[in-house]
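Biologist: Could you take me through this model step by step? I would like to begin with a single residue and then look at the wider fold.

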Amino acid sequence: MREIALHLMDIAENSVAAESRNIHMDVLEDLQADLLKVSVVDDGRGMSEETAKRVLDPFYTTRTTRKVGLGIPLLKLAAEQSQGGLTLESESGKGTRVEAMFQHSHIDRMPLGDVGTTFLTLLVSYPHIHWIFMYQLKDKQGVLNEFVLDDEEIKSALGDVSLTEPDVLRFLRGMIEEGITALTPQTEF
Amino acid sequence: MPAIKSLEELKRVREEALAKKQMKAASGNIQVIVAMGTCGIAAGARDTMKSVLNYIETENLSGVAVTQTGCIGMCEQEPILQVVIGDQAKVTYGKVNAKVAVQIMKQHVQGGLPLKDHVLPI
């Protein structure tokens, strides 16, 4: 995988497979602390403590943990290669939280990638899930700007109109793109 | 913050979409499914999906539901895309990059003719 945004999508697929109703996806670029932190928090079926330990290690991925497979170990590796790490907390019947941290300026840090497309594709493909996306950018002086997209208002305004109707797609894509662009200066290179 | 830039605008968008949908109601339900397992995503499935969404936008294609599915056990054929039109059998395509996705949208989803070259025999 070439982008952190693709990993986020992959982790979110696990949350969907775990029958979550609410999924929070957060991205924080903290230039003051030189950190990049991403997380996916769901209220799906969760895992036992034992399973939660196992999914971090690709060699322990057996059939019972197969729905997770290589996704989490790959993200863990990417985080560890840039002075960061991955934490996973889960409770059976309650949900799961996956958080990955990276040193923002690390030469080996994977690029963050196209976060907007990750948000948009998840939002429109799983309309039955309540999505909350957040993208925060803290500059070197510590000034925090954020873009938050909670789909609840959008869905209630749309009623029975599908999220993949062309006019609606145009609106959503525009909203996400504008929201993320407004957080500039862009820090990707 | 532009979190919800304008709900009023969205309501107007909804009215317009409803009106267009009523005109097209006869064409039947169309479903486009993109496989988004770890294998699919690593092979470029998000670009495939983006291409499908862009096509819907630029061609003003109403009445197409776009969804995702997980790994379907043919990782070597990813990105995989499936098309279901009305009550016809599901057609599964392999190695669907952004470009092939456009061809499928044009020829199959809009034109009703499956794209034989990329169909997987399942």
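Biologist: Is A:Leu77 buried or exposed?

Modeller: A:Leu77 is exposed, because it has 12 other C-beta atoms within 10 Å. A residue is called buried if 20 or more other C-beta atoms lie within 10 Å of its own, exposed if 12 or fewer, and partly exposed in between, with C-beta atoms placed from the backbone. Please note that this is a predicted model: local features need pLDDT of at least 70, side-chain atom pairs count only at pLDDT 80 or more, and totals for chains, interfaces and linings use all residues. Residues are numbered from 1 along each chain as its sequence is written, while chains are lettered from A and ligands numbered from 1 in the order in which they are written.

Biologist: Which element holds A:Leu77?

Modeller: A:Leu77 belongs to helix 3 of chain A. Helices (H or I, at least four residues) and strands (E, at least two) are DSSP runs, numbered from the N terminus. Two residues are in contact if their C-beta atoms, placed from the backbone, lie within 7 Å.

Biologist: How far apart are A:Leu77 and A:Leu56?

Modeller: In sequence they are 21 residues apart, and in space 9.8 Å separates A:Leu77 from A:Leu56, C-alpha to C-alpha.

Biologist: Let us move to the whole chain. How many helices and strands does chain A have?

Modeller: Chain A has six helices and six strands. Along the sequence of chain A they follow the pattern α-β-β-α-α-β-β-α-β-β-α-α.

Biologist: Which way do strand 1 and strand 5 of chain A pair, parallel or antiparallel?

Modeller: Strand 1 of chain A pairs with strand 5 (residues 130-138) of chain A in the parallel sense, over nine bridges. Within this pairing, A:Val27 stands opposite A:Tyr135 of strand 5. Strand 1 and strand 2 of chain A run antiparallel and are joined by eight bridges, and A:Ile23 has A:Asp42 in strand 2 as its bridge partner. Their hairpin has four residues between the strands, and A:Asp34 takes a positive phi near 55° there.

Biologist: Which residues make up the covered face of strand 1 of chain A?

Modeller: The covered face has A:Ile23, A:Met25, A:Val27 and A:Glu29, and the uncovered face includes A:His24 and A:Leu28.

Biologist: Why is helix 1 of chain A called largely enclosed?

Modeller: Twelve of its 14 residues are buried, so helix 1 of chain A is largely enclosed by the rest of the structure. The buried residues include A:Leu6, A:His7 and A:Asp10. Helix 1 of chain A is followed by A:Glu19, which has a positive phi near 60°.

Biologist: Finally, how many residues does each chain give to the contact?

Modeller: Chain A gives 37 residues and chain B gives 35 residues. On the side of chain A that touches chain B, helix 6 of chain A supplies the largest share, nine residues. That side has 19 nonpolar, ten polar and eight charged residues. Here Ala, Val, Leu, Ile, Met, Phe, Trp, Tyr, Cys and Pro count as nonpolar, Asp, Glu, Lys and Arg as charged, and the others, Gly among them, as polar.

Terms used: Pairing = 2+ DSSP bridges.
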